[in-house]
Structure formats: structure tokens, C-alpha cells
Amino acid sequence: LASWSRNMEGDDFALYLSFKDSLDRVSAQARSISQDLYPACLQIGGLDAALQELCLRMHQPRWSTVEYTTIGQSRRLEIEHEEVLYRSVRELIINSQKHALAWKIQVSSKWRDTGLTIDVLDDGKGWQFFQNGSHCSGHKMLAGTLERIKAGFQIVPCQKVFHASIQYHGN
């Protein structure tokens with residue numbers, strides 16, 4: 001592209017610059033998506049570290065706060081299982097931000113000898129919104145994905161918040 005651009009003038013050069021800017025933006029978005037789907041932190045530090053980093057990245061003080069807490073001693077799981085759990089939590093946070101219009105999102109991991117429970121709560125449209133049939137297909141798909149790694153998924157009825165819970169009893 002650089003040698004081709006040297007022979008351009010006027011409108012052709014402006015078109016070239018516009019095209020180059022578009023390619024740069026698309027490349028940056030692809031890198032960002034790739035980072036979100038499989039962050040290096042997940043491979044290096046495990047699920048707990050990756051969830052902490054995810055919540056920090058998705059925290060947007062003017063729009064929605066995302067907090068992460070962990071209880072118990074985290075441990076490494078099968079990498080494929082960590083990926084599914086990470087992506088599931090990411091999807092729940094995105095849904096809370098986009099669809100529930102949540103201001104505050106809380107993600108917590110409870111590590112036990114018998115497994116792991118991850119809870120995602122938000123102060124968005126809440127349980128009544130879910131009962132009306134909104135987002136049911138997305139949550140069913142999420143439940144199906146989690147079922148492949150023998151993890152449970154449930155929506156916990158709450159009056160003022162939306163509460164999703166993932167129960168993992170894998171390795």
C-alpha cells in the first residue's frame with residue numbers, strides 16, 4: 001500500500017487514507033474481540049485472574065460499574081472449561097450493560113473443595129423483565145453451552161435485581 005500511495009494525488013490519496021483508516025479500525029476491533037474471547041490472562045493466570053481483569057475492563061464509571069469479588073482459594077480448571085466459564089460471565093455482563101441498562105453489576109466467585117459458584121447480579125430491569133420473556137433464548141443458549149462442561153445455570157428470582165448463577169463441579 002505504501003508504494004502504491006506514493007503515486008496518488010488529490011482525491012485518490014484522500015480515498016487511500018480513508019481506506020487505510022478503516023482497515024486500521026477494523027484491525028483494532030478484531031484484536032479487541034480476540035482479546036475478549038481468549039485473553040492472555042486466562043491462559044497465564046487462570047479463571048479468577050481473567051474474571052478480575054474482565055470486570056476491570058468492562059467497568060465504565062459513567063455508564064455502569066462492574067465489581068468483582070472472590071471467596072476461597074482459586075485453582076486452575078481444565079482450560080476449555082475456564083474458557084466457557086469466562087465467556088459465559090462476559091456474556092452476562094454484556095447483557096446487563098446493553099439490555100438491562102444496569103448501573104451496578106456485581107460478579108462474585110465462590111471457590112470450594114466441591115466446585116465453583118459464579119454469581120452475576122445487576123440492578124437493571126430485573127426479574128420482572130426476565131419473566132416477560134425477554135432474553136429467554138439467549139439464556140437458554142448460555143445454559144446449553146454451560147451444560148457441555150457439566151455446569152449448571154439458573155436465574156434466581158429476585159424482586160429488584162437480576163441474579164444469574166453458574167454452578168461448576170468439574171475437575
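I started with the largest pocket and sorted its lining by class: three nonpolar, five polar and three charged residues. For the classes, Ala, Val, Leu, Ile, Met, Phe, Trp, Tyr, Cys and Pro count as nonpolar, Asp, Glu, Lys and Arg as charged, and the others, Gly among them, as polar.

Housekeeping next. I am working from a predicted model, where local features need pLDDT of at least 70 and side-chain atom pairs pLDDT 80 or more, while totals for chains, interfaces and linings use all residues. Numbering runs from 1 along each chain as its sequence is written, and side-chain values use heavy atoms, without hydrogens and water.

Back to the pocket. I noted about 190 Å³ of space in it. Eleven residues line the pocket, with R87, E91, G138, L142 and T145 nearest its centre. Two elements, α5 and α7 (136-147), each give two or more residues to that lining. My note on terms: a pocket is an open set of points on a 1 Å grid over the protein atoms alone, where a 1.4 Å probe fits, with protein on both sides within 12 Å along at least five of seven lines; lining residues have an atom within 4 Å of a point. The volume is the space filled by probe spheres set on the points, which are joined across faces, edges and corners.

Then I looked at α5 itself. Helix α5 covers residues 79-98, 20 residues in total, and spans 28 Å from first C-alpha to last, close to the 28 Å expected (1.5 Å times one less than the number of residues). Helices here are DSSP runs of H or I, at least four residues, and strands are E runs of at least two, numbered from the N terminus. I found 15 of the 20 residues of α5 buried, so the helix is largely enclosed by the rest of the structure. Buried means under 20% relative accessible area, exposed over 50%, with a 1.4 Å probe and protein chains only.

S96 sits in this helix and is buried at 2% relative accessible area. Leaving out residues up to four places away in sequence, S96 touches L101, A102, I105 and D122 (contact is heavy atoms within 4.5 Å).

I checked the largest nonpolar core too: 34 residues, with L47 and L85 having the most contacts inside it. Such a core joins buried Ala, Val, Leu, Ile, Met, Phe, Trp, Tyr and Cys residues through side-chain atoms within 4.5 Å. Its largest share, seven residues, comes from α5.

Last, K150: this residue lies in the loop between α7 and β4, is exposed at 69%, and has a positive phi near 60 degrees without being glycine.
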